[in-house]
2 protein chains.
Amino acid sequence: MSAPIEVWAQQVRAGEVRAVSRAITAIENHAPEAEDLLKKLFPHTGGAYLSGVTGAPGTGKSTLVDRLAAHYRKAEQKVGVVAVDPTSPYTGGAILGDRIRMQSHAGDAGIFIRSMATRGFLGGLSRATAEVALVLDAAGKKQILIETVGVGQDEVDIVRLADCVLVILVPGLGDDIQSMKAGLMEIADIFVLNKADREGADRLEEQLHAMLSLVMPRDGWHPPVIRTVATENAGIDALAASIEKFRVHFESSGEREKKQREHWKNRLLGLLESRLLEQVLQGAEGEKKLDRLAAEVSQRKKDPFTAVNELLSATSTTK
Amino acid sequence: MSAPIEVWAQQVRAGEVRAVSRAITAIENHAPEAEDLLKKLFPHTGGAYLSGVTGAPGTGKSTLVDRLAAHYRKAEQKVGVVAVDPTSPYTGGAILGDRIRMQSHAGDAGIFIRSMATRGFLGGLSRATAEVALVLDAAGKKQILIETVGVGQDEVDIVRLADCVLVILVPGLGDDIQSMKAGLMEIADIFVLNKADREGADRLEEQLHAMLSLVMPRDGWHPPVIRTVATENAGIDALAASIEKFRVHFESSGEREKKQREHWKNRLLGLLESRLLEQVLQGAEGEKKLDRLAAEVSQRKKDPFTAVNELLSATSTTK
């Protein structure tokens, strides 16, 4: 808040931890300076590779992400980790978790870890996650890992930010949980069979291959199944190699550019929405009118469509 | 489509299954006639009581909802069931499920069951669910049960539609799944401990009570823990009695009206958003412009904020 935006942006680009942290907090709080900062940072983004890691609770996502991060650090690539947990809409218990996770990378300035939980009900979690990824990108992180619980539309939206989507499965989570595969099947670029030393791993891998054999490969890419035991650091090198192979494959096929354009189209729509709402509801008057109309609709004195038309016609946004 | 809206609305109000089905399909497809119909139906809504039922996969939601529906049918109350599954964003496998579920209520015109999956990425699932509930309400269903998988923002939004929120837990789903409780804790009006004949049920109930003892009751309501074994129809009467107790409690405290006003405020905001977007992006020109801007942003020729300002200034919606 004290430093002018230009200085702040330079500090972020230099990877200064406090400047990056402040930027993320500004994004989370929807602070007005966040936009000015992102404008300055934007031309310096696009250098990072984003991997989205998703899977049901209990699949060992955090451990896997930690090991992958350590792998990249060994190769001297700077890493950013964003852990998103929309299952805790009311509690902000993210900070403690970050501290615990940071300990295994203590003293390493080349890695930045941040958790985000849902803030408010008017959505915006995937938007905030995307903006945080931009900040880490501008801060020179070459590998950005976005981790999220694998259920629900929010998670799908968040995972769609990524260049490469990893879906984690583990043996023995029960039939109902395995049925989640149906929804995640189509967005997975790589399947990770974690806890592969457990009973049932072979059967799960067979089932996966059977399902995959029914799916058309997208642009010549057949999602591989990589077996890992993240807690023992087993299979992590193979996983990183698979991510790299996917990157090369898609960059040569031009698919990444198409995905990026689609991505930005959705982001622009989201931004447009917030802007338009701000215009219509600006100031206390708009809020008050909305409250009054909501009460009338609630009492069935007015239908919701008529109420919205009133909001629209009363503002300068309609001709 | 053939019958004029007025006739259609009358058929819906009379509870005619085909008219209700057509109304729901129109809502799902975002058909223009859906709005006209809802306008006609709206003054005749408000008579239904909405219970939201949520819980992780594997907790036995569908069975519980079926048993609760059967309980209400025995008391000769008309029932509507909306099963929402946002975990399957790409597949529309809802129809088969409906047929299977309807079989246990075969020939009973007093119950209507419908599944909904996610359509498209620009959201709208909670809006569609809310509109379907309005149709069922207008069709004379006194008890509407909305069932959804208990993770993610979508589900929270959907569950917030309800007058009463049931959160289902089962023993032995593992620590990670139990940690979901943290997020659902605050929205639960009643906890259902299903599969209560399983090992670990007592311990789970103790844990729940311990957690609940730390939470402030809302307007004098302490969320009870009801033990059920839905597959054996055990505990269903107690659950229905608890829902009724909650209804009476909240109707006398005036909290329901407040909740309804809040609910309609959010709904009006959602509607407003769609309307505004339609205005700005009307026709092929708007879409084309959006595509062009998305490509420019993707290539870092323009930052996203500048791009959105261009969209805004080019339309009649800004002065």
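Predicted model: local features only at pLDDT ≥ 70, side-chain atom pairs only at ≥ 80, totals over all residues.
Chain A contains 14 helices and seven strands. Of its 319 residues, 46% count as buried.

Strand β1 of chain A spans residues 49-55. Seven of the seven residues of β1(A) are buried, so the strand is largely enclosed by the rest of the structure. Its side chains divide between two directions. Tyr49(A), Ser51(A), Val53(A) and Gly55(A) point one way, while Leu50(A), Gly52(A) and Thr54(A) point the other way. Residues on both sides of β1(A) are buried.

β1(A) pairs with β4(A) and with β5(A). Seven bridges join β1(A) to β4(A), and the two strands run parallel. The pairing of β1(A) with β5(A), residues 164-169, is also in the parallel sense and has five bridges. Thr54(A) takes part in both pairings. In β4(A), Thr54(A) stands opposite Thr148(A). In β5(A), the residue opposite Thr54(A) is Val167(A). Gly55(A) has Val149(A) as its bridge partner in β4(A).

Strand β4(A) covers residues 143-149 and is itself mostly covered, with seven of its seven residues buried. Gln143(A), Leu145(A), Glu147(A) and Val149(A) point one way from β4(A). Ile144(A), Ile146(A) and Thr148(A) point the other way.

Helix α6(A) runs from residue 125 to residue 138. This helix has 14 residues. From first C-alpha to last it reaches 20 Å, close to the 20 Å expected at 1.5 Å a residue. Burial is complete along the helix: 14 of its 14 residues are buried, so α6(A) is largely enclosed by the rest of the structure. Gly140(A) follows α6(A) and has a positive phi, near 90°.

Helix α12 of chain A, residues 255-280, meets α14 of chain B. The two axes come within 9 Å and cross at roughly 60°. The crossing is right-handed. On the chain A side, the contact involves Trp264(A), Arg267(A), Leu268(A), Leu271(A), Leu272(A) and Arg275(A). Their counterparts in α14(B) are Pro304(B), Ala307(B), Val308(B), Leu311(B) and Leu312(B). By class, this contact has nine nonpolar, no polar and two charged residues. An α-helix has 3.6 residues a turn, so residues three or four places apart point the same way.

Leu268(A) lies in helix α12(A). With 21 C-beta neighbours inside 10 Å, Leu268(A) counts as buried, because the cut-off is 20 or more. Its contacts reach into chain B. Leu268(A) touches Pro304(B), Ala307(B) and Val308(B), and also Leu290(B), Leu293(B), Ala294(B) and Val297(B).

In chain B, Ala196(B) sits in the loop between β6 (190-193) and α10 (201-212). Leaving out residues up to four places away in sequence, Ala196(B) touches Ala201(B), Arg227(B), Thr228(B), Val229(B) and Gly235(B). Leu169(B) is 27 residues from Ala196(B) in sequence. In space, the two are 9.4 Å apart, C-alpha to C-alpha.

Two other loop residues of chain B carry a positive phi. Most residues other than glycine have a negative phi. His30(B) has a phi near 55°, a positive value in a residue other than glycine. The loop that holds His30(B) lies between α2 (17-28) and α3 (32-41) of chain B. His30(B) is partly exposed, with 14 other C-beta atoms within 10 Å. Arg300(B) has a phi near 65°, again positive in a residue other than glycine. Arg300(B) occupies the loop between α13 (283-298) and α14 (304-313) of chain B. Arg300(B) counts as exposed, because it has 12 other C-beta atoms within 10 Å and the exposed class takes 12 or fewer.

Methods:
Residues numbered from 1 in each chain as written. Chains lettered and ligands numbered in written order. Helix = DSSP H or I, 4+ residues; strand = E, 2+ residues; numbered from the N terminus. Expected span 1.5 Å × (residues − 1). Contact = placed C-beta atoms within 7 Å. Pairing = 2+ DSSP bridges. Axes fitted to C-alpha atoms, helices over the stretch in contact; angles between N-to-C directions. Left-handed = near helix turned anticlockwise from the far one by under 90°. Nonpolar A, V, L, I, M, F, W, Y, C, P; charged D, E, K, R; others polar.
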